[in-house]
Amino acid sequence: MQQQITLTVNGKQYTGTAEPRRSLVDFLRYDLGLTGTHVGCEHGVCGACTILLNGESVRSCLMFAVQANGAELTTIEGLADGRTLHPIQAAFKQHHALQCGFCTPAMILTTLELLRDNPHPTEEEIRVGLSGNLCMCTGYVNIVRAVKAASETMSSPAAA
Amino acid sequence: MSFVGQPTPRVEDDALLAGQQRFIDDLGVQGLSHVAFVRSPYGHARIRSIDVSAALARPNVYGVLTGDEIAQLTKPQRGRVPLARSPQVFALAYQKVRYVGEPVVAVAAADRAAAEDAADAIEVDYEPLPAVVDPEEALTPDAPLVFEEIGSNVLWHDTFPYGDVEGAFAAADQVIAERYTIQRYASTPLETFGSMVQYEPSTGGFTVWGHTQQPGQDLNTLAAAIGISPGQVRLIIPPMGGGFGNKVRPLYHVILAVLARKIGRPVKWVEDRKESLLGLGHAADGIMEVQAAVKRDGEILGLKFRNIENEGAGIDFAGRHNLLMLSNIVNCYRVRAVQYEGFSVVTNRCPVVANRGIGKPFMCFATERMVDHIAAELGLDRVEIRMRNFIQPDQFPYDTPSGQTYDSGDYPEMLRKALELVPSPAAAGEGEGVGATKAIGYGIAVGVEPGGSNLSYGMLISGPNQLLSGAGEAARIRMESDGTVTVYTGNPDTGQGHATALAQIVAGELGIGVEQVRMASTFDSASHPYVMTSGNYSNKFHANDTAAAIGAARKVRDKLLARAAQRLEASPEDLELREGKVFVRGSEDRSLPIAAVATRAYWSVADDQPDGEPGLEAVYYYKNPISNRPDDQRRVRVQLGFSAAAHIAVVEVDLETFDVKVLRYAVVHDCGNEINPMIVEGQVHGATVHGIAAALLEEFVYDGDGQLLTTSFMDYLKPGATEAPDILTGHLETPSPFTPLGTKGIGEGGAITAPAAIASAVEDALKPLGIRITGLPITPAGLWRTASAGEKRY
């Protein structure tokens, strides 16, 4: 049985239908064609599918698409302004905070929420803030450095 | 100008940062169907019958494939190292299942949900058999046989004595013996394994979009299994979300190809995480007995190893863990007599695959633990005993007893620098009086990091007639008609930044900017050259890939210079390439834009062609010249380059909960000249955290029936940002004389050496309890049990 879904992703409204059992991440990827959100475990541990739902980070593999009806979502596709990297993306590049890049979209969205709620995190706070996102490549050292650097550029007067 | 040595930002990053990179699950073709598997719930069972009728009766189900059909339609698998007594292994379970998670039936349907529903509707009647999961038990006469046709559970067993082993033991003041164990673990790339296959009726072949880290071998495995020419298979490998050696399972492509042909529709399957943990492949668990013949002053005269390697229920990588251990069997030490006895044993566990460092983490663990234990037995300092036995800087190139030629290094200086970077807490006045509930430990380990496999090592098992041999890579370079350059190699992308490193190298060779060079990062057998030693494995990029790219670039450069010489009326030897132009050396006013020469090479075909052909393209197949064959004493260069590192770990152990926290961690490494120091440091961080996680967190746990108890990331523990420590790094650069740029490997060393460093630190912390760390992983529950029982071995 298909259900009608209307939601807003990165400021654009989409409508579609889905079975009640369709996960939100599958709906984003296969129905809306937004493949920047990745699937790593489908049991809510690795965080690769993290998106922002009404401003809060969620595991899009642990939600059904129908639960997001009416919601406002932010995915990685909504972050860069045309060809200019967002300051978090720029910091990840500058500090070599990605290797295979599979975890990166979710890592960046988690960072976006972290720095919004805590613009000047300590290293410990950064590590706790990112603890729900697994990266198999970097050992996190450069991710932590990139988040620290992004927090500095985003709060500098030039960024404001 | 050369861009080698610069921390050039990665050319791969922008697409990844924007979520625009197309991974396998982002691809599709018209009319695609989706595959789900029925997998074995038993560790060992006979398949009595399979009833697929209910599945086929469901709507939108297109077809199924069983082991009986696979056995009729395909040839059995040959291992990468052919065995004298090889069991029959097919892509789907045939007559028996041999591990939990083994694929039994494949079913294709309109979408993944429909395929999974159909798989649930398939009835398999099993007759459970006794399982064997412990490799020592598998060696006993009464053990259940995993493959009846080979008459035992031993796939291979051999002993390699190198040097005067008996003489060394006779001359010893003391022989120290210890038994070490390592668990099953895997690097678990965040993107799981996937494949999409389309049958091509016009050629009778297939287009495969799918994962492999060894394209030449796996393309040929697929063609041979189905009985078609390699030329009928087009293999396309999109950039992978991590590999670490795990993404080498050609039999899945075989299943999908046969199924696609059978149902007349393209098929796709991407593993879910449970399937991946159950069945993609693990690093082998093993049991190693080590004896060391030592003098009272700590000099190590000889070492004997007896290793039982648990290969699980497969043959594809059988023997490889064992043989690769010959590459780091003496680690950094001047030991002239070693003996290695290896068993490859099959059990009812998941088959092993390559995993970052394959075999070498365990060998490093065994040698480094033994060195610590020799020090403990003789009352020597852990640093002092290492300094006493190190190969000395003036001894390079150094031939080890098993036939490795260590290219370069300065191990004493490497260790000294590491000790400076993180001094021992006791020396720094910490550690004393931490209290009754916490103890601080200081760990030391050194490790060589072999790079680049010489696949002739398989001849130690299969004999001198083995077809697969040597080491090499292939590259195609085309200067386009606008003067930019495209690079194609036989090494598919798993995220290590090879596109950036090769752009740095090729740009320098051709006198253009790094941004003018693009890598064709999606491997395509229709455009990318390869040999059977091609691929993304064995830490080989530093040698074979750089040399192949340089070889192709120099051929293109010669063509370019010949054309420019004509137009500049100069001799090619008098020309130089820089800043996008061809200059007559010494005359700044006589130059041509490189792009202009390139344009004419393609457009003005009527021009005189100085090298006989239009265009600016070249292919270069590189053979690593130091790859050899086993000699009459069975010495062979198993691996070809030898980076090294010293690791220092400071841990805090809670003496009530036995939780281990890594407080500080330092790595001083030497990979020769660095192409891109930023990427090098990233590889050191990532590999080291793999090693730390293998030491403290990760373990595939099987029960006695062969059930895997760790089938999600809630049970199989990966390190998060809160478990991984910050890592201090230091560098030493002793260039290799054997590679074009003096480079050595850097992708695996952290994973090889870190487990030994962590064990050394925990053992130091537990000194008051007298517990010796001999096994991995080191878990709170395990330490608590050992301490509570008053045992002295963990």
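Author: This is a predicted model, in which local features need pLDDT of at least 70, side-chain atom pairs count only at pLDDT 80 or more, and totals for chains, interfaces and linings use all residues. Residues are numbered from 1 along each chain as its sequence is written, while chains are lettered from A and ligands numbered from 1 in the order in which they are written.

Reader: At what angle do helix α15 and helix α16 of chain B pack, and how far apart are their axes?

Author: α15 (residues 498-510) and α16 (residues 541-568) of chain B pack at about 35°, and their axes are 9 Å apart. Axes are lines fitted to C-alpha atoms, for helices over the stretch in contact, and angles run from 0 to 180 degrees between N-to-C directions. Helices are DSSP runs of H or I with at least four residues, strands are runs of E with at least two, and both are numbered from the N terminus.

Reader: What is the handedness of the crossing of α15(B) and α16(B)?

Author: The crossing is right-handed. That term applies if the near helix is turned clockwise from the far one by less than a right angle, and left-handed if anticlockwise. Residues making the contact include B:Leu502 and B:Ile505 of α15(B) and B:Ala549 and B:Ile550 of α16(B); two residues are in contact if their C-beta atoms, placed from the backbone, lie within 7 Å.

Reader: Which strands form the open sheet in chain B, and what makes two of them edges?

Author: The order is β18-β27-β28-β29, with mixed pairing; strands pair if DSSP finds at least two bridges between them. β18 (438-453) and β29 (728-731) of chain B each have a single partner strand, so one side of each lacks a neighbour in the sheet.

Reader: How do you know that β28 and β29 of chain B pair?

Author: Four bridges join β28(B) to β29(B), and the two run parallel. The requirement is at least two bridges, so these strands pair. In one of the bridges, B:Val668 has B:Gly730 of β29(B) as its partner.

Reader: What share of chain A is called buried?

Author: Buried residues make up 56% of the 160 residues in chain A. A residue is buried if 20 or more other C-beta atoms, placed from the backbone, lie within 10 Å of its own, exposed if 12 or fewer, and partly exposed in between.
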